[in-house]
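Have the sequence and the 3D view side by side for this report. Look up each residue as it comes.

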Amino acid sequence: MKSSLRAHLLGGFRVEANGEVVQLSGSRTARSLLAYLLLSPDRQHLRSKLAGMYWPEQSESVARERLRSVLYRIGKSFEESGVPVLDQAREWVGISADVDVWVDATEFRSLIARAQASSNGATELQQATDLYQGEFMPGHYEDWVFEEQQALHGSQVAALRQLLSLRESDGQFDRALLVAKRMVAMDFLDEGAHRHIMRLSALLRRPEDALRQYREVRRTLKHQLGAEPAPATTQLAADIASHVESTLSSPPTSDRSQAPVFVARQAERDMLIGALERALGEEGSIALVEGPPGVGKSSLLEQAGEDAKWRNFEILRGSYQDRVGGEAFEGIRAALDAALTPLRIEQLRSICEPMWLEEASRVIPQLGTSPVDQAGLTGEDSRWKVQESLVQVLRSLAAIYPTMLLLEDVHWADLDSLAVMK
C-alpha cells in the first residue's frame, strides 16, 4: 500500500504524511524545493538544473553541495513518518513512486479544467475557489514561485467571475453575493465586483447594505487614489437609493402553472417578478398583461423589463400591428432579428438541432446554412414544423442566457405566433 502525502501550498505551507503533519526542518529553501518537486511528482529533475535555480551565483560544485544538504534535510524530516518522499540518483532527484501525492494547487487547476469541460461547471468552480485559501507559497520569492502566484491568482479571479455569472443566472442571489464579496476581498479596487455586491444586495431586499458598500468604496478610492467611483457605480447607487425599496419584491406563492392576467398594480408586478425568478430556476413562465387603455400596461411592461435586467436577463422585444394581411410571426421575427448576433448564432448551432435551425430559417434567414423557400409556409405539416422550430430556437436561447421575450399588442398577432406562445 502506498504512503500518502498531502501538501497545502495555497495560503501557507503544510505537508502531511500518512495523515500526520511533517515539521520540515531546515531553511525556507527546503520548503520551496519540496514544493517544486511535489508540483510535478512524476518527473525526474536534473540536479544541475535545481542547483542553478536556487544558487545561481555560486559555482556548480558549491551549488550542488548545497542542494545535497537541503535534500538531506528534507529526507530527514520525513524519517519519523516512515514515508520515503524522495527518489534520488547521482544526476537527478524526484518524488518517490511509492508515495501517493495530492497538492492543493494541482487539484485547483484540475477542478478549473473540469469546470471548463462541463456544460455548467458550477460545482467544480465552487470546489476550486474554496480550495484557494490565499496566495501560493506566501513569503517565498523565487522566480518560479512568483510565476505560480501570478498564474494561480489569475485563475482564481477568472473562476470567481464565472461562478458569479452562473449563480446569478441560476437565480441564486445569496450565493452570488458571497462570490462577489470574495472578489472584493481579493481586489478592493475592483469596482465591477462592488457593483455586483450593490445590485445583489438590492435584489435581496438589503438596500442599506448596497448603499453602505457604495460609501465604503467611495471612501477607499478617495483615500488611496484621490478619485471618485466610476459613473456606473454612482448611478447604480442613485438608482438604489431612489427606487429599490419600491421596486424589488419577493416572489409570490401562487400556482406556477397558471398564466395570470395583470393590470398595472404592485401586486401584479410582484407576480411578474415571481415569474422571472422561476424562469431562473429553469421553469419557464408565460404572462398575459391585459386591460383597457390607460391602466398602465406599458408602464408595467417597462418596469418588468427593468426587473429582468437587474436579474441579468437578455430582453427580446417585438410587437404586432393592427393591419390586414400582416406577416406571419411578425413580433417574434422582430425580437429574434435584434438578438441574433453572429456569436449567438454560433452558440445556437452548438446546442440546437440543425433541422430546427433550417426550418426556423424560413422566418429568420440568418439561421440557415443554405437558402430556403421563405414563401413555403403552406400546409399544416409545414406550418407546424416552423412553429416548433421557433419554439426550439427560443428554448435554446434561454439555455445560453436567461431570456425574457416581451411581445406587445399580441391581440393583433397571427395564429402562427399564438401557436408558438401557447
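## P354 at the surface

P354 is exposed, with a relative accessible area of 60%. Exposed means over 50% relative accessible area, buried means under 20%, and partly exposed is in between; the probe is 1.4 Å and protein chains only are counted. P354 lies in helix α15, residues 354-360. Helices are DSSP runs of H or I with at least four residues, strands are E runs of at least two, and both are numbered from the N terminus. P354 and S389 are 35 residues apart in sequence. In space, their C-alpha atoms are 9.9 Å apart.

This is a predicted model, where local features need pLDDT of at least 70 and side-chain atom pairs count only at pLDDT 80 or more, while totals for chains, interfaces and linings use all residues. Residues are numbered from 1 along each chain as its sequence is written, and side-chain values use heavy atoms, with hydrogens and water left out.

## The whole chain

The protein chain has 17 helices and eleven strands. It holds 422 residues, and buried residues make up 43% of them. Now take the contacts, meaning heavy atoms within 4.5 Å. Among contacts with a separation of 6 or more, 64% come from residues 24 or more positions apart.

## Helix α1 and its partner

Helix α1 covers residues 28-38. Is α1 mostly covered or mostly uncovered? It is mostly covered: eight of its eleven residues are buried. They are A30, S32, L33, L34, A35, Y36, L37 and L38. S27 caps the N-terminal end of α1. A side-chain oxygen of S27 lies 3.2 Å from the backbone nitrogen of T29.

Helix α1 packs against helix α3, residues 60-77, at an angle of about 80 degrees, and the axes are 10 Å apart. Axes are lines fitted to C-alpha atoms, for helices over the stretch in contact, and angles run from 0 to 180 degrees between N-to-C directions. The two helices are therefore roughly perpendicular to each other, a term for angles of 65 to 115 degrees. From α1, the contact uses T29, A30, L33, L34 and L37; from α3, it uses L67, V70, L71 and I74. Eight of these residues are nonpolar, one is polar and none is charged. Here Ala, Val, Leu, Ile, Met, Phe, Trp, Tyr, Cys and Pro count as nonpolar, Asp, Glu, Lys and Arg as charged, and the others, Gly among them, as polar.

## Two nonpolar cores

A nonpolar core is a set of buried Ala, Val, Leu, Ile, Met, Phe, Trp, Tyr and Cys residues joined through side-chain atoms within 4.5 Å. The largest one has 84 residues. Which members touch the most others? They are L33, L34, I74, F78 and F136. Helix α6, residues 143-169, gives the most to this core, with eight residues.

Return to L33. Leaving aside neighbours within four places in sequence, L33 is in contact with L50, Y54, L67, V70, L71 and I74.

## Two positive phi angles

N18 has a positive phi of about 50 degrees, although it is not a glycine. N18 lies in the loop between β2 (14-17) and β3 (20-21). N18 is partly exposed, with a relative accessible area of 41%.

M137 is not a glycine either, and it has a positive phi of about 45 degrees. Its loop runs between α5 (122-131) and α6. Is M137 buried or exposed? M137 counts as buried, at 1% relative accessibility.

L300 lies in helix α12, residues 297-310. L300 is buried, with a relative accessible area of 5%. R269 is 31 residues away along the chain, yet the C-alpha atoms of L300 and R269 are separated by 6.9 Å.

D416 belongs to helix α17, residues 415-421. At 7% relative accessibility, D416 counts as buried. D416 and A328 are 88 residues apart in sequence, and their C-alpha atoms are 6.3 Å apart in space. Setting aside neighbours within four places in sequence, D416 is in contact with A328, F329, R383 and Q387.

Terms used. Angles under 35 degrees count as roughly parallel, over 145 as roughly antiparallel, 65 to 115 as roughly perpendicular and the rest as oblique. A polar contact is a pair of N or O atoms within 3.5 Å; within protein, one must be able to donate a hydrogen and the other to accept it, and residues adjacent in sequence count only if both atoms are side-chain atoms.
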